[in-house]
Amino acid sequence: MIFQLMGGIGLFLMGMVLLTDGLKSLAGEALRRALVRFTGTPYKAFASGTLVTLMVQSSSATTVTLIGFVSAGLLTFPQALGVVLGASLGTTGTGWLVSVLGLKISLGFYALPLVGVGALMRLLARGRRRSLGLALGGFGLIFVGIDTLQTGMQDLAGTFDLALLPSTGLIGYLAVVSIGALMTIVMQSSSAAVATTLTALHASAVNFDQAALLVIGAAIGTTIKGPLAAIGGSVSAKRTALAHVLFNLATGIIALLMLPVLLRGLEFAQQQMHLEPGAISLAAFHTLFIVLGVLIFLPFTKPFARWIERLLPEHGPRLTRHLDDSLLQVPAVALESTRRTLVDTTLEVINLLDQLLSSAVSQVNETQRTEVKGALETIQSFFTKIPSISDDEPLSHQRVVQLHAIDHLARLLTRLNLSATARKTLAQPSMQLALGQTRKTLALARQGLLGRAPTDWLTRIEQQALVLAGLRREERLGILRQTAAGRRTPFDALDALDTVRWLERVAYHTWRLCHYLAEENMIEAKADNIKPIDLLANSLDQ
């Protein structure tokens, strides 16, 4: 009996792992993009979290992935809250799968060919068919596990009368809920705990009230993975994990307090709406109390988010807060985190340069200069720790793109030095056209990186940089002629040449940074987007 129980749980867990991994790999980047893209409002985020969890059959997988996205800055914390609520609802789909198919229809024997076909596809197929084979094998193992678990539970019901466990009174309620939470923590899967409870109820090993309490405990116990994933993570990751814990804990307490009312509602549904008693009613109960929690929390997502933000305020470096070492396990997310940090640091440098050119300050604040310099060093350090995946062309392309961006940002940082002589030279009438063009380039770059510029902003900034390069060549010739004619001293000429080149280099490195940091270039990840710039650089240096 013990062997069958352990084997049944193990087969179910292995099936869930294989199904989750297979579906995530099959959906690939599309699944991650969908989770990020459809989170504009709390309600969209809720729908996104529900659908993704239904697809991968694991709220823990969704939550852990979500924590990574929040750490990387792909999602804001308020957006993540909606996904957390959706993931909690989506995980109830496993209960319906087990109760409707796994227990009503004994599919274990007929699922065995699925395991065989899935294994063969995993070994012999190529590309996405291998992932499909993994998912098919996992799907089959789930039902084989349920059948094995069902046999073990029937033997358990004949040997031990688990119905004698306390199920009345506060202490009895808490004891059974604690058992449900412990089952989830040990199995590391609320779906497995719910499936075990459904099977036990179907085999009459527990009564319905006890099964309902075990399911409540499973909902509370599933929160353990969130805090584990957030250990050592960013403040946003810790906020997301805390929100997941608080929601499931509050929902479990609400379900516990309203248990008599919810049970009467199920009795009414069984009598008036012909809801089947037993496992299907338990699956309905699970969905019902999670929906109740969502209805209470979802309208107050923003106040809830603000409250958690006050509990866990942001600390640490402002520019590099998304560079979390826990993201290194997922290179794609780590690279996106680096890109966003590069964007934030570039925007900071652009603001400092614009202040210099507008004469708003005589020199860059040393604290700000140290901050952006330290941010670049942190980016470089984090970037070198991201594992390289040579057989993943899009990721390899992103690494090359970011190396270009880091190089141009480092060069742009050296332009934060503007001497008093250069400032006097900039005040000359002959420099106003080049100065204005440079400030326009910086302004367009700022709007583009913030996502507020027209769709053709990259083309426009390129044109502005090229125009400025032309102005530099014309100004250079004019300065040399004036010097030869005696209208300028050699020292004034050198200062003027250095200043106009400073302006041109600022515009040039700003343009190249925008080219490599533009979000559409990173998402497309096509190697032919990167073009050699040696010829262009040579022409600008002439």
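The structure is a predicted model. Its protein chain holds 25 helices and zero strands, and buried residues account for 51% of its 542 residues.

**Overall architecture**

- The accessible surface of the protein chain amounts to about 25,100 Å², and 62% of that area belongs to carbon and sulfur atoms.
- Of the contacts in the protein chain between residues at least 6 apart in sequence, 80% join residues at least 24 apart.

**The nonpolar surface patch**

- Helix α13, which covers residues 235–257, gives the most to the nonpolar patch, with three residues.

- Glutamate 336 and arginine 340 are separated by about one helical turn, because they are four residues apart in helix α17 (residues 331–357).
- In general, residues three or four places apart in an α-helix point the same way, because the helix has 3.6 residues a turn.
- The two partners fall into separate burial classes: glutamate 336 is buried, with a relative accessible area of 15%, whereas arginine 340, at 22% relative accessibility, counts as partly exposed.
- The cut-off for buried is under 20% relative accessible area, so the 15% of glutamate 336 places that residue among the buried ones.

- Aspartate 354 and arginine 446 form a salt bridge in which the closest N and O atoms are 3.6 Å apart.
- Because aspartate 354 lies in helix α17 and arginine 446 in helix α21 (residues 432–449), this pair ties together parts that are 92 residues apart in sequence.
- Both aspartate 354 and arginine 446 are buried.
- Another salt bridge is made by the side chains of arginine 505 and glutamate 504, at 3.0 Å from N to O.
- Arginine 505 counts as buried at 7% relative accessibility, and glutamate 504 is buried with a relative accessible area of 2%.
- Salt bridges with shared partners also join Glu336, Arg339 and Arg340 into one network.

**Helix α22**

- Residues buried in α22 include Trp457, Leu458, Ile461, Gln464, Ala465 and Leu468.
- Further along α22, the buried residues include Ala469, Gly470, Leu471, Arg472, Glu475 and Ile479.
- Glycine 486 follows α22 and has a positive phi, near 85°.

**Threonine 92**

- Threonine 92 is placed in the loop between α5 (77–90) and α6 (93–103).
- With a relative accessible area of 5%, threonine 92 is buried.
- A polar atom of the threonine 92 side chain lies 2.6 Å from the backbone oxygen of leucine 89.
- Neighbours within four places in sequence aside, threonine 92 is in contact with His286, Thr287 and Ile290.
- The C-alpha atoms of threonine 92 and alanine 219 are 9.6 Å apart in space, while the two residues are 127 residues apart in sequence.

**Threonine 301**

- Threonine 301 is found in helix α16, which covers residues 301–311.
- The relative accessible area of threonine 301 is 3%, so this residue is buried.
- A polar atom of the threonine 301 side chain lies 2.7 Å from the backbone oxygen of leucine 298.
- When neighbours within four places in sequence are left aside, threonine 301 is in contact with Pro42, Pro78 and Leu81.

Notes
Residues are numbered from 1 along each chain as its sequence is written. This is a predicted model: local features need pLDDT of at least 70, side-chain atom pairs count only at pLDDT 80 or more; totals for chains, interfaces and linings use all residues. Side-chain values use heavy atoms; hydrogens and water are left out. Helices (H or I, at least four residues) and strands (E, at least two) are DSSP runs, numbered from the N terminus. Buried means under 20% relative accessible area, exposed over 50%, partly exposed in between (1.4 Å probe, protein chains only). A polar contact is a pair of N or O atoms within 3.5 Å; within protein, one must be able to donate a hydrogen and the other to accept it, and residues adjacent in sequence count only if both atoms are side-chain atoms. Contact means heavy atoms within 4.5 Å. A salt bridge is a side-chain nitrogen of Lys or Arg within 4 Å of a carboxyl oxygen of Asp or Glu. Accessible areas come from the Shrake-Rupley method with a 1.4 Å probe; for residues, only the protein chains shown count as cover.
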